[in-house]
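Dear colleague,

Please find the structure below, handed over for your records.

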Amino acid sequence: MSNFTPKERLLKVLHKEKTDRPPIICPGGMMNAAIVDVMNRGGHVLPIAHSDDKLMAELAVDVFTNTGFENLGIPFCMTVEPEVLGSDVDYGSMKCEPKITQEVFSSSSAVDFHEFAVMLQTGRVNTVMQATYNVARRFPDIPVIGNLTGPVSTAASIVDPMIFLKDLRRNQLAAHKVMEYVSDFLIAYAALMIDNGADVISIADPTATGEILGPRMFCEYPLVYINKIVEAIHSQGVPVIVHICGNINAVKHALPELKADAISTDAMVNLRKLKEEFPKLITMGNVSTYLLEMATPEKVVNNTRHLLREGIDIIAPACGLSTSTPLDNIKAMSGAVKEK
Amino acid sequence: MANNKEELLKQLADAVVDMDEEKAVELAQIIVAEGIDAYEAIEKGLSAGMEVAGRLFEEEEYFIPELLMCSDAMYAGLGVLKPHLKAKEGAAEEKVKVVIGVIEGDTHDIGKNLVKILLETSGYEIIDLGRDISPQKFIDAAKEQDAKIIAISTLMTTTMDGLAEVIRLLRQQDIREQFKVMVGGAPVSQAFADKIGADSYAVNAATAVRLARQLTDGVA
């Protein structure tokens, strides 16, 4: 009865259409499955795959073939965008994801605005595009997910985050200008991903949580700018997943205003209740990454089956996976979704 | 005059709660000019204001941007008052020392900075190691500074093992009992803290202060 290819299944769910079962995915970017077990098997390893398009593509394929996740996800970090916008990045190690070593601007007012056309030819933009094109061409039936670092997280990766958070309140004009700039850049960057074969765009914005910003600022900044990005991506006919980190209670009321096609949340959020409250929401998640790293495959299976029974639309890890997560646990998770 | 003093201290606390840096400086200058004791002004004005801000944060009235701005106002007032502290008061009491930092591999330091601010305003002496700090560095600093508490934060699941490593190393070096280890950060949970053998888990910055007091038997 599995007449759907993984790409058809995911796209149907994102378009609120019926399928045989939920897709099981791990989008990439902040939520990627390039765990050490996978890299040891395939031999395509980080950190060098962060900046080599062929290795990046092969690693995405290794993740796909080893884990049972039904997608290809590019890239494997959250630093491509801030790097292009001027911040210094340390590519980390096999076990440790890249990080910003120094934000380039000391405050929102200090941000220099550059031409996107030029920037989109710098940094690792081309690496990401080549890798996307490579996997999209080779796997026409598997959805390719292009991952964006959300606008608040990107802004707080080019402006000192402590200052930026204060600017959101005391220097709103400058903060909005930076958000506008970053969002326009992300729109142009996502458009390139789509041109190169991305079927779905996933946005993760870990700095834009209700816990950090509170409801008022969540609605004033991330809600507005994420929606702007989502609408631009929609105009190219591509669906969007938005991941919100942490406890969403403070901003739950605003979720129906998000124009994303699916909302992914962390493990502490009860997705069944969220669906009851907002029946139109397509929910994604939220197998505990703590369980995935620490527990036995049986426990992972139980957690996954529980989510299936609750009718969660897309099964996925709840947040970024630890690189030391055992492959057996991930296979247990994907196996549990496919066993029906 | 007494009335005036109480009123000024209250206004100073309010300036902190209202995130009003300029007002905090202005009031601190008036307080100095009026000859009010700087130590008392810090305690009953600035710290009292931060305590209210911390409570509002716990009650989800304030969020991180607000808390950061309160602390800016607090530090601005402190800058004016500190030079007027009488020498003996500065050295009067030995403060409990806390070594704090973000574990290796992680550069997200918003949470760590909040904990630092709140602990500092609650009377702890903070040794801030910064971000991306190796497990051994936490231990070296704690030994060198004779700290009571090691507070470690991470925001990334990929670096959680570094927290366990700090405790493993403390045990290996047979000095686990010398320090209380407090952990926190988005992916960390009570279950994780128990598993790695940490002394406490702080779900947020305001809780961290309460837990620090418990760990040091109310001495701060």
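A polar contact here is a pair of N or O atoms within 3.5 Å; within protein, one of the two must be able to donate a hydrogen and the other to accept it, and residues adjacent in sequence count only if both atoms are side-chain atoms. By that rule, six residue pairs are in polar contact across the interface of chain A and chain B, with both residues at pLDDT 80 or more. Please bear in mind that this is a predicted model.

The interface between the chains

On the side of chain A that touches chain B, strand E3 (99-102), helix H8 (161-170), helix H10 (210-220) and helix H13 (289-294) of chain A each supply at least two residues. H10(A) gives the most to this side, with seven residues. By residue type, the side of chain A that touches chain B divides into 13 nonpolar, seven polar and eight charged. In total, 28 residues from chain A and 24 residues from chain B take part in the contact. The two chains, A and B, bury about 2,400 Å² between them, and 63% of that area is on carbon and sulfur atoms.

Five salt bridges are counted between chain A and chain B. One salt bridge pairs the side chains of Asp72(B) and Arg170(A), at 3.4 Å from N to O. Another salt bridge brings together the side chains of Arg169(A) and Glu66(B), at 2.8 Å from N to O. This pair joins two chains, because Arg169(A) lies in helix H8 of chain A and Glu66(B) in helix H4 of chain B. Arg169(A) is partly exposed, with a relative accessible area of 27%, whereas Glu66(B) is buried, at 5%.

The two domains of chain B

The domain assignment divides chain B into domain 1 (2-91) and domain 2 (93-215). Their centres, taken over C-alpha atoms, are separated by 27 Å. The contact between them takes 13 residues from domain 1 of chain B and twelve residues from domain 2 of chain B. Together these domains bury about 1,100 Å², 64% of it on carbon and sulfur atoms. Phe57(B), Glu58(B) and Tyr75(B) supply 36% of the area that domain 1 buries against domain 2, more than any other three residues.

Between the two domains of chain B the count is one salt bridge; the side chains of Arg210(B) and Glu58(B) meet in a salt bridge at 3.2 Å, N to O. Helix H3 (38-58) and helix H4 (64-81) of chain B each supply at least two residues of the side of domain 1 that touches domain 2.

Salt bridges within each chain

Over all chains, the structure holds 31 salt bridges. In chain A, the side chains of Lys228(A) and Asp184(A) form one at 2.9 Å, N to O. This pair links distant parts of the chain, with Lys228(A) in helix H11 and Asp184(A) in helix H9 (residues 172-195), 44 residues apart. Also in chain A, Arg9(A), Asp20(A), Arg21(A) and Glu70(A) are linked in a network of salt bridges.

In chain B, Asp128(B) forms a salt bridge with Lys112(B), the closest N and O atoms being 3.0 Å apart. Asp128(B) lies in strand E2 (residues 125-133) and Lys112(B) in helix H6 (residues 110-121), so the pair ties together parts that are 16 residues apart in sequence. Asp128(B) is partly exposed, with a relative accessible area of 30%, while Lys112(B) is buried, at 3%.

Yours sincerely

Methods: Residues are numbered from 1 along each chain as its sequence is written. Chains are lettered from A and ligands numbered from 1 in the order in which they are written. This is a predicted model: local features need pLDDT of at least 70, side-chain atom pairs count only at pLDDT 80 or more; totals for chains, interfaces and linings use all residues. Side-chain values use heavy atoms; hydrogens and water are left out. Contact means heavy atoms within 4.5 Å. Buried area is the accessible area (1.4 Å probe) that two parts lose on being put together, summed over both. A salt bridge is a side-chain nitrogen of Lys or Arg within 4 Å of a carboxyl oxygen of Asp or Glu. Helices (H or I, at least four residues) and strands (E, at least two) are DSSP runs, numbered from the N terminus. Ala, Val, Leu, Ile, Met, Phe, Trp, Tyr, Cys and Pro count as nonpolar, Asp, Glu, Lys and Arg as charged, and the others, Gly among them, as polar. Domain bounds come from an automatic or database domain assignment. Buried means under 20% relative accessible area, exposed over 50%, partly exposed in between (1.4 Å probe, protein chains only).
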